[in-house]
Amino acid sequence: MADPAYQGTHAITPRKKPRGGELSVGDKANNMSISSTRSAVERCIAHLKNWKMLANGYRGRLTELPTVIRIARP
């Protein structure tokens, strides 16, 4: 999923309003669904970036990283 700037790629994007026109009710509902899903994913990524462990770089064994993330997440 991506924002409208990525239209024309293979990403799922919301429909843009045509010049001088309006979107249909179905297009508006589809855009709202895409936007709400995308914003939830962006919040999750932002939350992960706030973790010091991921911001400063993980220095432990890579095989232990999934266990550390499982322990650290709320």
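1. Arg61 counts as exposed, at 59% relative accessibility, where exposed means over 50% relative accessible area, buried under 20% and partly exposed in between (1.4 Å probe, protein chains only). Its salt-bridge partner is Glu64, with the closest N and O atoms 2.9 Å apart, and Glu64 counts as partly exposed at 35%. A salt bridge here is a side-chain nitrogen of Lys or Arg within 4 Å of a carboxyl oxygen of Asp or Glu.

2. This is a predicted model, in which local features need pLDDT of at least 70 and side-chain atom pairs count only at pLDDT 80 or more, while totals for chains, interfaces and linings use all residues. Residues are numbered from 1 along each chain as its sequence is written, and side-chain values use heavy atoms, leaving out hydrogens and water.

3. The protein has three helices and zero strands, a helix being a DSSP run of H or I with at least four residues and a strand a run of E with at least two, numbered from the N terminus.

4. The whole structure holds three salt bridges. One of them joins Asp27 and Arg15 at 3.4 Å, N to O; Asp27 lies in helix α1 and Arg15 in the segment before α1, so the pair ties together parts twelve residues apart in sequence.

5. Confidence (pLDDT, from 0 to 100 for each residue) has a mean of 80 in the protein. Helix α2 (residues 52-55) has the lowest confidence, at a mean of 66, and helix α1 (residues 25-49) the highest, at 86. Where pLDDT is low, the predicted coordinates should not be read in detail.

Conventions
pLDDT is the predictor's confidence in each residue, from 0 to 100.
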